[in-house]
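User: Hi! I have a structure open and would like to talk it through with you. Could you take a look?

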Amino acid sequence: MTGIQDLYLNLEVKKYNPKVKNKLKTNLYIYGITILSIILSALAGLFFAAQNIVLGIAEAIILFIPITEIITKITQNILSKCVKPKLIPKMDFSKGVPKECSTMIVIPSIVKSRRRRKKTLRKTRSILSSK
């Protein structure tokens, strides 16, 4: 078993989604937005192409990025309302951090004097102790 399958078993999630299904969803999302953006940009270009073909092509190219952004925002808004959020595993450190989960933090800084070094050290300690 892979790590993901073990995680789903430990979390007692009933079904396991293979990567193929996720890849299909991703491709559908990306290609859907791209194709719809190209179509709407072409329609905008055709509107201006009746007067001047060069202006119509320029209009389609210029409007492609804003149209893509608008379609992406609309798609994300619709998907956020339709798709249920998935369970995200969390770690509970409310009772402290276990030894195996602890780490060292390195904060690089350049100091010119001892006084500045002490000030930087106090500031760093206060930031770390407040969290």
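User: Let's start with α3. What end-to-end span should its 30 residues have, and what do the end C-alpha atoms give?

Analyst: At 1.5 Å a residue, the 30 residues of α3 should span 44 Å. The end C-alpha atoms of α3 are 41 Å apart, so the two values agree. Bear in mind that this is a predicted model.

User: Where in α3 is the kink?

Analyst: The kink is at F64, shortly before the proline P66, and amounts to about 40°.

User: And what goes on at the start of α3?

Analyst: There, N52 has a side-chain oxygen that comes to within 3.2 Å of the backbone nitrogen of V54.

User: Which elements have the lowest and the highest mean pLDDT?

Analyst: Helix α3, residues 53-82, has the highest, at 91. The lowest, 72, belongs to helix α1, which covers residues 3-10. For the protein, the mean pLDDT is 82, with 91% of residues at 70 or more.

User: Good to know. Which residues of α3 are buried?

Analyst: The buried ones include G56, A60, I67 and T68, and also I71 and T72.

User: Let me pick T68. Why is it called buried?

Analyst: T68 has a relative accessible area of 18%, and the cut-off for buried is under 20%, so T68 falls into that class.

User: What is the T68 side chain doing, then?

Analyst: The T68 side chain makes a polar contact of 3.2 Å with the side chain of S37.

User: Which residues does T68 touch, leaving aside its neighbours within four places in sequence?

Analyst: T68 is in contact with I33 and S37.

User: What is S41 in contact with, apart from its close sequence neighbours?

Analyst: Leaving aside neighbours within four places in sequence, S41 contacts A60, L63, F64 and I67. Of these, A60 and I67 are among the buried residues of α3.

User: How about L63, is it buried, partly exposed or exposed?

Analyst: L63 lies in α3 and has a relative accessibility of 25%, so L63 counts as partly exposed. Not counting residues up to four places away in sequence, L63 touches S41 and A44.

User: Now the whole protein. How many helices and strands are there?

Analyst: There are four helices and zero strands. From the N terminus, the order of elements is α-α-α-α.

User: How does the radius of gyration of the protein sit against a compact globule?

Analyst: The protein has a radius of gyration of 26 Å, whereas a compact globule of 131 residues would be near 14 Å. Along the principal axes, the C-alpha atoms fill a box of roughly 70 × 55 × 25 Å.

User: What share of the residues is buried?

Analyst: Buried residues make up 9% of the 131.

User: And what share of the contacts with a separation of 6 or more comes from residues 24 or more positions apart?

Analyst: That share is 48%.

Key
Residues are numbered from 1 along each chain as its sequence is written. This is a predicted model: local features need pLDDT of at least 70, side-chain atom pairs count only at pLDDT 80 or more; totals for chains, interfaces and linings use all residues. Side-chain values use heavy atoms; hydrogens and water are left out. Contact means heavy atoms within 4.5 Å. pLDDT is the predictor's confidence in each residue, from 0 to 100. Helices (H or I, at least four residues) and strands (E, at least two) are DSSP runs, numbered from the N terminus. The expected span of a helix is 1.5 Å times one less than its number of residues. The bend at a residue is the angle between axes fitted to the seven residues ending there and the seven starting there. Buried means under 20% relative accessible area, exposed over 50%, partly exposed in between (1.4 Å probe, protein chains only). A polar contact is a pair of N or O atoms within 3.5 Å; within protein, one must be able to donate a hydrogen and the other to accept it, and residues adjacent in sequence count only if both atoms are side-chain atoms. The radius of gyration is taken over C-alpha atoms; the globule rule is 2.2 Å times the number of residues to the power 0.38.
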